[in-house]
Amino acid sequence: MSTTLPAVIELARELIRRESITPDDAGCQDLLRERLEPLGFSCRPMPFGEVSNLWARHGTADPLFVFAGHTDVVPPGTASDWRYPPFAAEVADGFLWGRGAADMKGGLAAMTCALEEFVRAAPEHSGSVALLVTSAEETSSPDGTQRVMQELVAQGEVPTWSIVGEPSSLEQVGDQARHGRRGSITFRLRVGGVQGHVAYPQAADNPIHRLVAILAELQRREWDTGDRDFPSSGFQVVSVNAGVGAENVIPPEASAVFNFRYGPAQSAEALQKSVSEVVAAYSDCCEIEVHDAGRPFITRSGRLLEATAEAVESQTGSRPVFSTSGGTSDGRFIAPAGVEVIELGPTNSTIHAVDERIGLDELPRLVAMYTRILQNLLV
Ligand SMILES: [Zn+2]
């Protein structure tokens, strides 16, 4: 094995070796703190409940630039299914292997190395640079980035720009960045009925028939047509439950869970209103629980978008494709404070999978891109 691996790969390996299965940080944040504190970052652990968070800032002036990410990883599954052990951080065949290599200890290492390079080269930079790290992104805990942002905003530490180092790229690092994400809202619907014998339906009220009609109507609707950056909103049923286990019984209740992914053309409030209306048309005996999992956000223009496009182009020769595809990310907790947010990170084809890995050339390139973004904005 080569003994001259770039510093960013060595840091990523140290992070991967810490088995930080969500929401356990396993010492990852201490490691980042040890790197940044000697460079003059003021580091503030912000633990909430079982979640570890770290806020590390260099400088006190505005504008404030924030790199955001997470130290937690999803479980590796069966370790023996992996070509190399999931927490061994092996370097082989041109890749760095391990759980979190792409999602997102690679990005975390690259963000940290970029901060180091930038601050060393320009200790008197304008504005401030910071790192916001949580150990509970994969569990969507309210005590992670969401809570840290609430505290920061309450104290007047509101970022202007944020890069989230999640794996955004497809074939090569920088070919795709995300400049927004769809919102997500989940409904749990329970429809009540009257239990009875299937041969005597006049004495019963079948809740399954009502539930099916509600779901069919919701599924038939065109909710909106999307816009330039977002596809039309999508409705998906994710579970349906009913039945008492006997083939001659109309059950007393039926329930379903369904989710909408939606863009700024739609709103959580409008969706809730529409769902309530459809449900009310078919049943007056029901309960609806709503989980508003994240509002949509979009950075359509501005200095961060330009700084990112230029930085990627300087490394790859092409500007990234800016997309709003994929699930949600912690960007949804940062953007509502009025922050320009872009997600830029390694390739994502093996995230959460067995044999998660990242190309060895990806991380040094990412460090160069990140450093150049900082220089574009703050020198
Ligand atoms: Zn991630």
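In β19, which residue is the bridge partner of phenylalanine 95? I will come to that after a word on the model.

This is a predicted model, where local features need pLDDT of at least 70 and side-chain atom pairs count only at pLDDT 80 or more, while totals for chains, interfaces and linings use all residues. Residues are numbered from 1 along each chain as its sequence is written.

Now the answer: phenylalanine 95 has glycine 359 as its bridge partner in β19. Strands here are DSSP runs of E with at least two residues, helices are runs of H or I with at least four, and both are numbered from the N terminus. Two strands pair if DSSP finds at least two bridges between them. Strand β5, residues 95-97, pairs with β19 over three bridges in the antiparallel sense. Helix α3, residues 101-121, packs on the sheet and touches β5 and β19. The direction of α3 makes about 50° with that of β19. For that angle, axes are lines fitted to C-alpha atoms, for helices over the stretch in contact, and angles run from 0 to 180 degrees between N-to-C directions. Contact between two residues means that their C-beta atoms, placed from the backbone, lie within 7 Å.

The sheet itself is open and has three strands in the order β4-β5-β19, with antiparallel pairing. Its edge strands are β4, residues 91-92, and β19, residues 357-359, each of which pairs on one side only.

Next, the whole chain. There are nine helices and 19 strands. The C-alpha atoms fill a box of roughly 80 × 45 × 40 Å along the principal axes. Among contacts between residues at least 6 apart in sequence, 78% join residues at least 24 apart. Of the 379 residues, 46% count as buried. Buried means 20 or more other C-beta atoms within 10 Å of the residue's own, exposed means 12 or fewer, and partly exposed lies in between, with C-beta atoms placed from the backbone.

The domain assignment gives domain 1 as 7-181 + 296-378 and domain 2 as 183-294. Such bounds come from an automatic or database domain assignment. The C-alpha centres of the two domains lie 37 Å apart. Seven residues of domain 1 are in contact with nine residues of domain 2. By class, the side of domain 1 that touches domain 2 has two nonpolar, three polar and two charged residues. In that count Ala, Val, Leu, Ile, Met, Phe, Trp, Tyr, Cys and Pro are nonpolar, Asp, Glu, Lys and Arg are charged, and the others, Gly among them, are polar.

On to the cores. A nonpolar core is a set of buried Ala, Val, Leu, Ile, Met, Phe, Trp, Tyr and Cys residues joined through C-beta atoms within 7 Å. The largest one has 73 residues, and those with the most contacts inside it are Ala12, Ala110, Leu131 and Tyr370. Helix α3 supplies the largest share of this core, 11 residues. Leaving aside residues up to four places away in sequence, alanine 12 touches Leu96, Ala101, Lys105, Gly106, Ala109 and Leu363. A second, separate core of 16 residues includes Ala254, Phe260, Leu271 and Val275.

How many residues of strand β6 are buried? Seven of the seven, residues 128-134, so β6 is largely enclosed by the rest of the structure. Strand β2, residues 53-58, runs antiparallel to β6 and is joined to it by six bridges. There, alanine 56 has leucine 131 as its bridge partner. Strand β3, residues 64-70, runs parallel to β6, with seven bridges. Alanine 68 stands opposite leucine 132.

Last, the backbone. Most residues other than glycine have a negative phi, and most peptide bonds are trans. The bond from threonine 22 to proline 23 is cis, with omega near 0°, and proline 23 is in the loop between α1 (7-17) and α2 (28-36). The bond from aspartate 62 to proline 63 is also cis, with omega near -5°; proline 63 is in the loop between β2 and β3.

Alanine 26 has a positive phi, near 55°, and lies in the loop between α1 and α2. With 19 C-beta neighbours inside 10 Å, alanine 26 counts as partly exposed. Alanine 89 has a positive phi near 55° and is placed in the loop between β3 and β4. Alanine 89 is buried, with 23 other C-beta atoms within 10 Å.
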